[in-house]
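Open the structure in a viewer and keep the selection panel at hand. The stops below say what to select next and what is there.

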Amino acid sequence: MGSLKIENVKKSFGPVDVLKGIDLDVKDGEFVVFVGPSGCGKSTLLRIIAGLEDATSGDVLIDGQRVTNAPPSKRGIAMVFQTYALYPHLTVRDNMSLGLKQAGTPTAEIDQRIAASSAMLSLEPYLKRRPAELSGGQRQRVAIGRALVREPKLFLFDEPLSNLDAALRVNTRLEIAQLHHRLKATMVYVTHDQVEAMTLADRIVVLNAGRIEQVGAPMELYNKPANLFVAGFIGSPKMNFIDGARLGETAKTVGVRPEHILVSDKAGAWKGTVIHAEHLGADTNVFLETEKAGLITIRLFGEYQTGPGATLYATPDAARTYRFDADGKAMG
Amino acid sequence: MSKAATSLPRTIGAHAVLLTYTLIALFPVVVIVVNSFKSRNAIFRSPLSLPTAETFDLIGYKTVMAQGDFIQYFQNSLTVTVASLFFVLLFGAMAAFALSEYRFKGNTMMGLYLALGIMIPIRLGTVAILQLMVASGLVNTLTALVLVYTAQGLPLAVFILSEFMKQVSDDLKNAGRIDGLSEYRIFFRLVLPLVRPAMATVAVFTMIPIWNDLWFPLILAPSEATKTVTLGAQVFIGQFVTNWNAVLAALSLAILPVLILYFFFSRQLIRGITSGAVK
């Protein structure tokens, strides 16, 4: 249906460079997630793709066509917003049909498309209601439905789950994933939540300070982070970074994920004292102040009985230790 | 609301203050209305007493109806007020939308420039305005008044409305753009309905000074055909003799149309003033 190509897109707001040259290829039918901390430029990039913001320089191609100067409605896109952005004075049906009416689609086809997408999202009972009469989850489904009826080449999602509560977020995430399987449509999704990124994406684009840090499949980013930023951003709890000099390594920084550390109360590489333990049931997070490596976080699966003051020995999994040079780049 | 905020002594105290203020504010209005129904002697003998069977007299209203063309004056006032109000709201809202929505060079400066009129009274420019109107042949037309009042009302309208329009969700406007709505339709169909309370607030604040104004009608449009109510009432105020019955009756009548317009806007107005404060 639609591929997306971004060529050297730059964006400045006055003296502030928000995007410093972004190149990206999204294949037809791919689900790509932009992830990064707030202020990294991911939303700006999405808005440039949508045409809601002009790029300072660079080009956007949708389905091989240069759309850099096309208005949003002519780009063949649909967008789902964080705040739902439903028209408050229109019913659900009118919310969904407005864009099609505007484009001059015949009424019969509008009705048929609305019927199809409202069935897909189980919105039929609500078609006559106004947004104010719907719950948050239903509103977001209407917003997705409004995108669906446009049958766009490209779906854009701007943090669509951020305004939902935790339980609903998991459900809607699942719905979006199913939608992608069913429609095989190209989707670009922006989030600051790495769990959403990992669970939904075919490919993740990690952005930081206006640059792409790394592009890759979720497991690729997890297993082979290109640099310190990606290593720290992907994975929860965060990867432990230890000064290489303390461990007698040549690398500037040594990284090891909390789940790749073995723990024993008898012997191990790093001896330390427990500062705090978080018992989550499925896993236990232990914060250990070690003599050799400083404060590290350890994630243990299942329940583990320990508490502040206890002495533990930690041993990192040597095969899963990452080394970074002085510039923060991954070594070897 | 919490219990402490609605305790009895507090409620009584708050109401006492508000009632006192209401009494002070309404007193002159009541005196005018009450005395407009009294005979001339009764007005001066006991200005504060209510009309009795003996002192009740509609002479004031009769004079007003008989002399001059008061219906015409009312029409003039209403035309000027409604037309000015329409233009203030339309242009004020459009300017506010541009200032709050679009990034362009000098945006802030333009906003400040437009707001400057709040602090500088338009009457300072009376001589220049008069020269302008004479030069363009608009003296003694209602157009002159509408133009001046539109200019007078715009600064406050732009200032208040642009604050409110900044609060309208960007996502909503962007959703409209993606659905292919023009900027005009986004403005008229999406944004204006959402700032309706603010529009009502601006309408009331704009309307009352226009209706009550004596200065510009006196200077720009004093002819018989273009007189407004406030100017018409001056007929009865003479250098040596003032027909108080007629003046009071004319003023009482002049209150009515604004009162009606106010009721029309007030429901929205209260929402406008409290929005933000009360969620």
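**Where chain A touches chain B**

Begin with both chains shown: 17 residues of chain A are in contact with 12 residues of chain B. The model is predicted. Which elements of chain A each supply at least two residues of the side that touches chain B? Select strand S6 (77-80) and H2 of chain A; each of these does. Colour that side of chain A by residue class, and it comes to 11 nonpolar, 6 polar and no charged residues.

**From H2 to H3**

The crossing of the two helices is right-handed.

Now show side chains. On H2(A), select Arg93(A), Met96(A), Ser97(A), Leu100(A) and Lys101(A); on H3(A), the residues they meet are Ile110(A), Arg113(A) and Ile114(A). By class, this contact of H2(A) with H3(A) has 4 nonpolar, 1 polar and 3 charged residues.

**Chain A as a whole**

Finally, select chain A and switch to a cartoon view. Its secondary structure comes to 8 helices and 18 strands. The C-alpha atoms of chain A fill a box of roughly 75 × 45 × 35 Å along the principal axes. Chain A has 332 residues, of which 40% count as buried. For contacts in chain A between residues at least 6 apart in sequence, 63% join residues at least 24 apart.

Conventions
Residues numbered from 1 in each chain as written. Chains lettered and ligands numbered in written order. Predicted model: local features only at pLDDT ≥ 70, side-chain atom pairs only at ≥ 80, totals over all residues. Helix = DSSP H or I, 4+ residues; strand = E, 2+ residues; numbered from the N terminus. Buried ≥ 20, exposed ≤ 12 C-beta atoms within 10 Å, placed from the backbone. Contact = placed C-beta atoms within 7 Å. Left-handed = near helix turned anticlockwise from the far one by under 90°. Nonpolar A, V, L, I, M, F, W, Y, C, P; charged D, E, K, R; others polar.
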